[in-house]
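Morning, everyone. I have one model to show you today. Let me put it on the screen.

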Amino acid sequence: MAPKPKSPSGKKKASAGKKRQKQILPVTEEEEPVNMESMGHPEIYPLVLTTKTQEIFNCRIDEDVTDEQPHKLIKKQDILEDLHNRAAVSDFHPVKKLVQEYPGDELLLVYDKDFKYGLNFYLIGTEEGKENYLNPPEVPEEQEEYKEYIPEEVYAYKPPVSKPWVSLGSEKEIEEESVKGSTKQITYMISRKRSEFGAPIKFHDQNASSVKDAYIECTAYPDHIFTLKQLEKDVGMQVVPKMNDTSTQTRWTYPKNAATQYYPREFSEEEKESLEQSKTLSDFLNNVSISVEIALQQNEITNTFVDDWKYLAEEESTFGDKTDTHLKEYQSFTDLHSPTEKMITCVSWHPTIYGLIVVSVAVRLSFEDRVHFSDKLLLQPSLILFWSFSDPIHPQLMLESPEDIFCFQFCPSDPNIIAGGCINGQVVMWDITAHADRIENIKAGGSRSKKVTLKPMFLLEPDSNKEAMYIRHCAVSSIENGHKKVITDIHWLSDHFEINRMGFVFENRSGICCQLVTCSADCTICFWDIRPQKPLTPQPIEKKKEESIEIPFDVPSTFLHLDLSWKPLSKIKLSKGETSLDHCPTKISLNEDHILYKTQDKVLAQSKAMKAGEVNPYHNLEGGMGNHLKPIDDFCTKFFVGTEEGEVIYTDWKMERDPETGRLMTKKPVSLYTVHDGAVHTVQRSPFYNDIILTIGGWNVAIWKENVMVLSVNYYFEREVKHLEYVEQRKLIREQEKKEMELETEQKKVKTYHKSKEQMEAELKMDYENYLELERTILISLGLIKVSEKISYMDL
């Protein structure tokens, strides 16, 4: 609430300021001004003053009238002149009569900031009211304190009383507009005689009009409006002259339907007899008969459905041939600022901007060399580079880190928040919100076309960003309480759940990702919370002032509460149990990993909201987990872990208490299998099937199904591999057989063409004699002829 108006002497107002506020409706041109007499304020007249009127009478809000000086004295003559000049347009037109009849020379105008009387200003219409406002009478302190504690009237709720319904004639209109069926409904009842119950039913056709008490046929009637006249009819005939369809490859300028009807030319009977007896025809048939028979035989033994075009394009398929298709280099990125050769430790696409790839680099040195050259390595910054495909030489952004980064991941809730794991076991946080304009989409300028195109800045002006921007980290975890060795993998937990120190799952009411999970070569898995943890004992204010550190201007204060004091929420140690050694995790995969890749629409919506002026939720983080959160009981807390020894572990992150000591300890793994002959460097869940997991390590690849961890699945995949090998072998065998058959066919063709005409006739005669002998043998066996009889082909 705004403070009550005060007089120049600073005394409180006793009359108008203590009265109950009422809602006043605005006044139109034709209506009388709203009088507050019926509401207990007869001298107050609310007004709406526009910006133009405020400038004319020097009563501008927050400049001429403020909370400390909310009133203004306005001369009566100035108001009358404004009414004369602007007439009904003047904001004082509703109180014109009041101004004309006002006895004094100056009227008191008061700024109503909280709309106590309904509008932004109000006039005091009497001299007495103006005097009481400017010089309120002094009230004893005891009486004033007593008035402040006078209880207001309590509003008693009165439930509405039902009244009898009074008709205004609307039911008649509804009745007239309603749709009613005009056709009389007919009901039919079908029954049988009781003596025929259970008897078989036989259906038959009958004319309903000829049988008594039968149904009447409802035959269709012709509708001349919708009936089309048939102009052409296709009729099938049995005896028609033969027709022949032909086509030619002619130039077809435009499509046209055409048909030709003709009668075949036939020889007469005399011409047929003369041709049959001609020597020319007999010589022709004798010459071409053998070649026609050979062509018919070839058609019988040759596959006419072979795709010749496929074999024309067949190429060499030996290993290492130049025609083989392999992965080709599309583009390479080179950092000209790096004086030494470095290796890439992690690669990731930007989650919302296309054409932007982010990599982390580290010095290629062993542990002994790092210790030996530690003083020189301090002079070289450890970086995460943002590369654009339009400029492969100059990175767009460079994120600085205290040590080399071996893994990082963008926050699914805000892509400007990045978390990374260092070689020394520290977790680093970056906030690039202030530098997002360098990589976000902007409007392309300088174009005369009205069409607006959205392109990234690094695609529009690649030469203008030659100098990369270095961005410092805004928080780093405590080196004493975190991992002791290199962090090999990092993941954000989903935005719809969070865990406590014992690993139990609760709902996440903040709606943003606030927790991380990391694994390290020190055989531990840590869960981190980026929100400020509530201290057990409140710290003195003086001590807090002493511990305050000056923040550099280029470092955002988003995660300042975590810097150098960030500790893990819970820590899991993968112990082998029977020995003093522990499992060394390299990669992990949670049950909710696939959800993180489906939140791009949500990330874009949040970024648009922040551009519109809303506060970034990461800039106002609340405290840690409260006790009032709702637990999620049916949540799967099991996850996959790949180790340095090639093992795949399926374990639970929930902690349990030791029955002897009462301390929290990690549960034993649900299952453990050694399938890889090297360190596992990939553990990834399928984006399509949530229960299918891929692991890669050494020289082999393994596919797992969650909750199905037996050696039968392995046998299934082995059988599938053997089946594929068998199919490939059969394919090679069939191709070899095909080549042999083609070679044999070619050899037969060559032998056939080299034979003389006499040899072919002799072979045909021999085949015919063999056929006759076989026929005679069959007839003798059937008893149709005797052994001594001789038959000829013509007799048969």
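First, the ground rules. This is a predicted model, so to speak of local features we need pLDDT of at least 70, and side-chain atom pairs count only at pLDDT 80 or more, while totals for chains, interfaces and linings use all residues. Residues are numbered from 1 along each chain as its sequence is written, and side-chain values use heavy atoms, with hydrogens and water left out.

Start with strand β3, residues 106-111. Strands here are DSSP runs of E, at least two residues, numbered from the N terminus. In β3, 5 of the 6 residues are buried. Buried means under 20% relative accessible area, with a 1.4 Å probe and protein chains only.

What does β3 pair with? Strand β2, residues 71-75, runs antiparallel to β3 over 5 bridges. Strand β4, residues 121-124, is also antiparallel to β3, over 4 bridges. To count as paired, two strands need at least two DSSP bridges between them. Look at Leu108. Leu73 stands opposite Leu108. Ile124 in β4 stands opposite Leu108 too.

Next, the open sheet. Four strands, in the order β16-β19-β20-β21, with antiparallel pairing. β16 and β21 are at the edges with a single partner strand each, so one side of each has no neighbour in the sheet. Neighbouring strands are turned by 15° against each other on average, direction ignored; the axes are lines fitted to C-alpha atoms. β20 and β21 are joined by 4 bridges. Within that pair, Ile525 stands opposite Ile572.

Now the largest nonpolar core. By that I mean buried Ala, Val, Leu, Ile, Met, Phe, Trp, Tyr and Cys residues joined through side-chain atoms within 4.5 Å. How many residues does this core hold? It has 24. Those touching the most other members are Met429, Trp492, Leu516, Ile530, Phe559, Trp566 and Tyr618. β10, β11, β16 and β20 each supply at least two residues. β16 gives the largest share, 3 residues. In soluble globular proteins, nonpolar side chains tend to be buried together.

Last stop, Ser686. Where is Ser686? In the loop between β28 (680-685) and β29 (692-697). Is Ser686 buried or exposed? Buried, because its relative accessibility is 16%. The Ser686 side chain reaches the backbone nitrogen of Tyr689 at 3.2 Å.

That is the tour.

Methods: Buried < 20%, exposed > 50% of the residue type's maximum accessible area, 1.4 Å probe, protein only. Polar contact = N/O pair within 3.5 Å; in protein donor to acceptor, adjacent residues only side chain to side chain. Axes fitted to C-alpha atoms, helices over the stretch in contact; angles between N-to-C directions.
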